[in-house]
Amino acid sequence: MSGNPKAPKASETVARGPGMRGGPKFAKPKNTKGTFLRLLKYFKPYLLTLIIVTICIIAAAEANVYGTAQLKPIIDDHLTPMVKNGATAEAWSRFVTAIIKMGAVYALGAVCIYIHSRLMLKVSTGILYDIRTEMFAKMQKLPIKYFDSHTHGEIMSRYTNDTDSMREMLGQSVPNLINSFFRVTSVFVMMVDLSPALTVITIIMLVLMIFVVKTLGKRSGAFYKKRQAALGVANGYIEEMTEGQKVVKVFCREEKINTRFAELNDNLRKAEAGANTWASILMPIMGNLSYIQYAITAVIGALMVVAAIKGNAHALIALSVGELITFLQYTRNFAQPITMMSQQFNSILAALAGAERIFALIDEQPEEDEGMIRLVNARIGENGELEECSERTDCWAWKTPEGELTRVRGHVIFKDVTFSYDGEKIVLDDISLYAKPGQKIAFVGSTGAGKTTITNLINRFYDIQDGEITYDGFNIREIAKDDLRRSLAMVLQDTHLFTGTVRENIRFGRKYATDEEVEKAAKLANAHSFIMHLPEGYDTMIVDDGENLSQGQRQLLAIARAAIADPPVLILDEATSSIDTRTEAHIERGMDELMRGRTVFVIAHRLSTVRNSNAIMVLEHGKIIERGDHKELIAQRGRYYKLYTGAFELS
Amino acid sequence: MLRKFFPAVRGYGRQSLGASFMIILEGVLEIMIPFYMTKLINEGIDVAVPNINIIIKYGALMLLMAVFALITGALCARLAAVAGTGFAMNLRNMLFTKVQDFSFANVDKFSSASIVTRLTTDVTNIQNLYTMLIRMTVRNFIIMITAFVFAVAVNARLALVFAVTIPLLAIVMFSIVLIAHPFFERMLKKLDLMNARVQENLIAIRVVKAFVKGEDEKVSFNESALALKKAQLAAERIVIWNNPISQFIFYAAMVAVCFFGGQLIVGGKMKVGDLSGFLAYIGQILASVMMLSMVFVSFIITRASQKRIAEVLDEKIDINDDEADPDLKVADGSVEFENVNFSYSKNPDNLTLSGVNFSVRSGETIGIIGGTGSAKTTLVQLIPRLYEVLEGSVRVGGRDVREYKLHTLRDQVAMVLQTNLLFSGTIEENLRWGNENATQEQIEAACRAACAHDFIMSFPNGYQTDLGQGGVNVSGGQKQRLCIARALLKNPKVVILDDSTSACDTATDASIRKALRTELKGTTTFIIAQRIASVMDADRVMVLDDGRLVAFDTPERLLETNDIYREVYESQMKGGDEE
């Protein structure tokens with residue numbers, strides 16, 4: 001399965017603790033500027049906090065620079081004179097004052113670091129929350145079509161990887177970048193102030209560093225792509241073979257699989273070694289380039305000091321020992337944030353690429369819903385007329401925008417319906433059919449004949465291109481989508497349960513159902529007895545989509561879920577396919593009860609399930625090729641007869 | 001636990017040591033640069049007569065060291081990358097081959113998703129830890145000690161500053177990690193919960209929409225997102241102390257050195273140049289303490305990954321054929337069960353199969369029916385020894401299955417699993433799983449028997465059609481038929497079809513059975529089916545109920561004598577004779 005949705009395990013997020021950096025990232029957003037500007041909008045509610053954060057970051061960076069700048073006066077104005085002229089009490093106290101000043105500035109810096117980290121934490125967790133909830137809310141509004149064309153893994157990674165790189169960016173990269181930027185500029189200003197001549201060396205080195213970063217970035221980008229490709233192949237193989245582990249065992253393929261994996265694994269190693277080399281070589285190169293600069297600066301600076309001592313130096317290059325020492329310290333302080341910035345840059349680009357994908361999801365076209373007719377509870381008033389009421393009754397009514405009430409009966413008509421999923425391949429071709437209130441209509445036919453599609457059109461999972469579907473006389477497009485769906489209950493082929501208790505899962509059909517109603521529905525679906533055998537009965541937790549239940553048991557719960565919803569129309573799409581025929585026979589009475597008085601659409605592989613329908617439609621290639629009840633179809637001796645007797649010919 | 005990972009270093013030990021060595025060299029060089037810087041100032045400038053030669057000499061030395069440090073640093077990056085990726089490769093191979101040795105029982109214990117996580121994310125985590133270990137641990141220890149020695153050499157009394165700051169910093173950093181760790185665990189749990197919610201909604205989006213539950217789901221998602229936000233705040237609130245405190249200690253050390261150093265200089269016990277060298281050491285020493293704490297951090301946070309990988313490596317394989325006779329061949333397709341008890345949990349009080357006895361002659365066709373959970377699948381899986389019996393004996397060809405090499409046994413007992421899978425590749429490649437050396441004729445014959453030949457030929461590329469991962473390009477029924485053909489190609493003595501035609505229409509189902517009967521004469525066939533029609537033409541039918549074999553007889557007699565069989569028969573055949 002290519003789009004295999006995998007529950008993200010703790011380990012996938014484990015590398016995000018304090019102080020860990022992710023691997024090399026080179027994903028680039030398509031529209032960097034647009035994405036960035038859009039991302040800024042999420043910062044808006046936190047504007048005031050952000051201003052304080054920025055002030056604190058700048059203050060912390062400046063404190064660092066300023067504190068270091070105190071070295072020069074301490075050496076030149078205090079220590080050197082005291083060494084030369086002896087330490088007077090006054091000189092001492094001035095020295096101590098300078099030290100205290102330096103300490104105070106540093107302390108302030110540390111406090112500012114704490115404040116901005118703390119505030120930024122509030123902002124980043126807040127923004128992540130905002131984005132996550134917005135994304136989920138949007139996801140709920142997307143049409144089924146979207147989920148058809150995107151794998152679960154793809155959508156999941158919006159929530160995991162993409163928000164994750166965003167988290168890293170908000171929490172670390174952005175503050176670091178601002179910090180680094182201010183540190184670099186302030187240090188630079190200080191350097192120019194101290195010695196323009198020595199600063200020239202710094203500029204030359206800076207150009208060299210930028211060149212190195214660019215060249216290495218390009219190289220490592222190419223290697224990274226190779227690595228990703230090799231990783232994709234190896235991981236795909238791991239996934240496929242792990243899923244198929246039992247088949248591998250049955251066919252004794254272990255040796256062959258091992259050999260093949262060893263090959264892929266070795267390819268991955270080679271590609272990864274290349275990528276990792278270029279990713280991690282940046283640090284030592286940048287770090288040591290700054291040492292080279294340090295050495296050159298030291299020599300030239302020392303010569304300048306010597307020249308100044310000898311008195312034959314131009315004012316521009318005049319330098320004291322204290323100035324040289326401070327300048328050298330600056331050299332180190334200058335290189336550090338530059339290395340840091342060059343690293344943060346990649347993760348910011350990766351985060352923006354993630355943000356772009358998140359925004360793409362948020363920008364998706366939501367499900368169309370222009371319906372105005374609502375579903376309301378109703379009762380028959382004293383004068384025999386329908387009237388709306390707030391409590392739940394057994395009677396439903398459609399309410400037009402004008403306030404007219406029409407009783408919901410479940411009269412569904414397809415008129416010349418043509419439908420295609422992709423606009424090219426016709427799946428349903430000019431289908432006309434009707435279901436009168438209370439009738440049971442069955443669809444039979446091979447896989448891909450269009451059975452499930454028909455039911456997906458009634459509840460408007462998809463919209464038809466041609467023709468008309470009416471429900472109690474209204475075109476279903478005029479009915480509010482949510483209300484349309486509330487009036488239909490579906491039991492689908494793949495039963496999906498949700499994390500929660502058995503009771504909560506049944507209640508999924510109707511939120512405010514009482515415990516008695518839940519049990520009643522479970523009994524109807526023949527699920528009560530197995531539920532009572534579960535360790536905690538109705539309060540047993542269902543985990544991992546009901547992994548602890550058998551497929552048949554899950555279908556029984558799904559039937560109970562539909563039963564409690566108690567809607568006028570019921571759609572059963574292979575609802576009993578995983579229930580063995582013996583159990584099915586047992587629940588037949590319950591099913592009959594459930595179907596009584598409702599319009600029912602049934603899709604079943606097993607013909608025994610559809611036999612007692614009012615009408616059976618045999619579908620083939622999107623067309624109804626036979627219709628009638630069981631007896632009529634058998635008498636016709638057509639496709640249905642063949643299908644039916646196919647099971648019987650050997651007796 | 002780490003000892004388990006040692007074998008993964010194999011073949012990359014030299015690179016690992018090399019990386020450590022290079023980075024130590026780099027570190028030492030980086031320490032020496034400020035040392036010579038101090039000398040340059042003290043001996044070249046800060047003397048009565050400045051000495052340009054000394055300045056140039058020390059300058060050149062520093063430059064040389066910086067260039068050398070650059071080279072060693074780059075070499076370390078390369079060696080560490082090679083060592084780290086080699087380590088990861090070995091680890092992946094160890095895991096993968098181990099998983100290939102797993103029996104079904106072992107496979108059941110780990111979900112396939114969790115095995116994939118272990119082979120991918122967990123390995124990457126350990127790889128990062130390993131690279132970090134070889135690059136950081138030794139280097140930072142050495143830097144810390146060397147810088148300290150140099151600092152003492154410059155001025156022992158001033159070096160006392162480190163006696164306070166190093167332990168202080170270490171204690172603070174390590175306690176932050178230890179305090180924060182449980183909070184991070186909690187946060188990850190909340191994250192998993194939230195992601196599970198999303199996942200659930202993705203898988204069941206149709207159910208959510210059909211029941212108009214979008215709003216409710218949104219509310220509960222927001223709850224879990226809020227819980228995550230709170231947990232994240234709680235965890236990171238502790239970690240953010242890291243930065244300001246370490247900076248504070250660093251600054252405090254700077255101030256202290258300036259103050260005490262100033263005193264020493266004024267007292268004539270130290271030179272001005274020494275001060276700048278000392279300031280450089282502060283940065284280096286404290287940075288290395290922080291790096292070491294980072295190694296510690298990654299060690300702590302990858303503990304879960306380490307544990308998960310160790311779990312796989314430590315897993316005891318419960319089926320092996322070490323003592324089997326490699327020359328023993330399967331004589332015929334007879335199958336016998338003698339007092340077989342089986343339990344998935346290996347617990348005699350929780351039997352899935354109990355007291356099963358039967359004997360099947362070679363060449364018989366046996367149908368198996370029974371309700372969900374009656375252990376039909378369990379029973380047949382014991383025949384190719386996919387699981388081990390708890391008590392009793394399963395015999396194939398007259399010998400206990402434990403006497404055969406697994407390869408020998410499974411080659412002769414072909415099983416078509418209920419959850420059948422095809423792999424990416426062409427149809428032919430998939431079929432060849434059954435027999436690597438099959439001729440085109442053999443392949444086609446198997447496909448004809450499985451009613452697969454016609455639809456294969458209807459594809460433009462015939463047998464060369466690419467199936468895509470998991471066989472996504474064919475329908476369910478076609479997939480099942482390919483799986484049957486794949487098993488038939490083994491030309492086995494026993495064939496087991498575990499509900500293998502459920503997605504095929506009844507006519508196809510019937511003709512497959514017919515083909516099996518005529519073309520695989522002499523092959524014992526077991527057919528598990530939901531459809532009564534699928535077993536009605538079997539020689540004999542087993543009726544299973546709740547892990548017991550309640551009846552084993554011809555279909556005709558069962559109809560008369562067995563209630564379960566009759567009930568199933570009637571539920572499916574009722575009305576069939578109306579016509």
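Colleague: What makes A:A351 count as buried or exposed?

Modeller: Keep in mind that this is a predicted model. A:A351 has 26 C-beta neighbours inside 10 Å. The cut-off for buried is 20 or more, so A:A351 counts as buried.

Colleague: Where is A:A351, and which residues is A:A351 in contact with?

Modeller: A:A351 sits in helix α10 of chain A, residues 321-362. Leaving aside neighbours within four places in sequence, A:A351 is in contact with A:S165, A:M166, A:E168, A:M169 and A:S173. As for A:Y538, 187 residues apart from A:A351 along the chain, the two C-alpha atoms are separated by 44 Å.

Colleague: How do you know whether α4(A) is roughly parallel or antiparallel to α6(A)?

Modeller: Start with the angle: helix α4 (residues 89-141) and helix α6 (residues 152-194) of chain A pack at about 155°, with their axes 10 Å apart. Angles over 145 degrees count as roughly antiparallel, so α4(A) is roughly antiparallel to α6(A). The crossing of the two is right-handed.

Colleague: Which residues make that contact between α4(A) and α6(A)?

Modeller: From α4(A) they include A:H116, A:M120, A:L121 and A:S124. From α6(A), A:R158, A:Y159, A:T163 and A:M166 are among them. Sorted by class, this contact of α4(A) with α6(A) has 10 nonpolar, 4 polar and 3 charged residues.

Colleague: Over to chain B. Why are β2 and β5 called edge strands?

Modeller: They belong to an open sheet of 4 strands in chain B, in the order β2-β1-β4-β5, with antiparallel pairing. β2 (353-360) and β5 (399-400) of chain B each pair on one side only, and that is what makes them the edge strands.

Colleague: How do you know that β1 and β4 of chain B pair?

Modeller: Pairing takes at least two bridges. Strand β1 (residues 335-342) of chain B is joined to strand β4 (residues 391-396) of chain B by 5 bridges, and the two run antiparallel. B:N341 stands opposite B:E391 in β4(B).

Colleague: What makes B:K346 count as exposed or buried?

Modeller: B:K346 is in the loop between β1 and β2 of chain B. The limit for exposed is 12 or fewer neighbours; B:K346 has 11 C-beta neighbours inside 10 Å and therefore counts as exposed. Its phi is near 55°, a positive value in a residue other than glycine.

Colleague: Last one: how many residues does each chain bring to the contact between chains A and B?

Modeller: Chain B brings 153 residues and chain A brings 139. On the side of chain B that touches chain A, helix α2 (residues 52-101) of chain B gives the most, with 28 residues. By class, that side of chain B has 81 nonpolar, 46 polar and 26 charged residues.

Methods: Residues are numbered from 1 along each chain as its sequence is written. Chains are lettered from A and ligands numbered from 1 in the order in which they are written. This is a predicted model: local features need pLDDT of at least 70, side-chain atom pairs count only at pLDDT 80 or more; totals for chains, interfaces and linings use all residues. Two residues are in contact if their C-beta atoms, placed from the backbone, lie within 7 Å. Ala, Val, Leu, Ile, Met, Phe, Trp, Tyr, Cys and Pro count as nonpolar, Asp, Glu, Lys and Arg as charged, and the others, Gly among them, as polar. Axes are lines fitted to C-alpha atoms, for helices over the stretch in contact, and angles run from 0 to 180 degrees between N-to-C directions. Angles under 35 degrees count as roughly parallel, over 145 as roughly antiparallel, 65 to 115 as roughly perpendicular and the rest as oblique. A crossing is left-handed if the near helix is turned anticlockwise from the far one by less than a right angle, and right-handed if clockwise.
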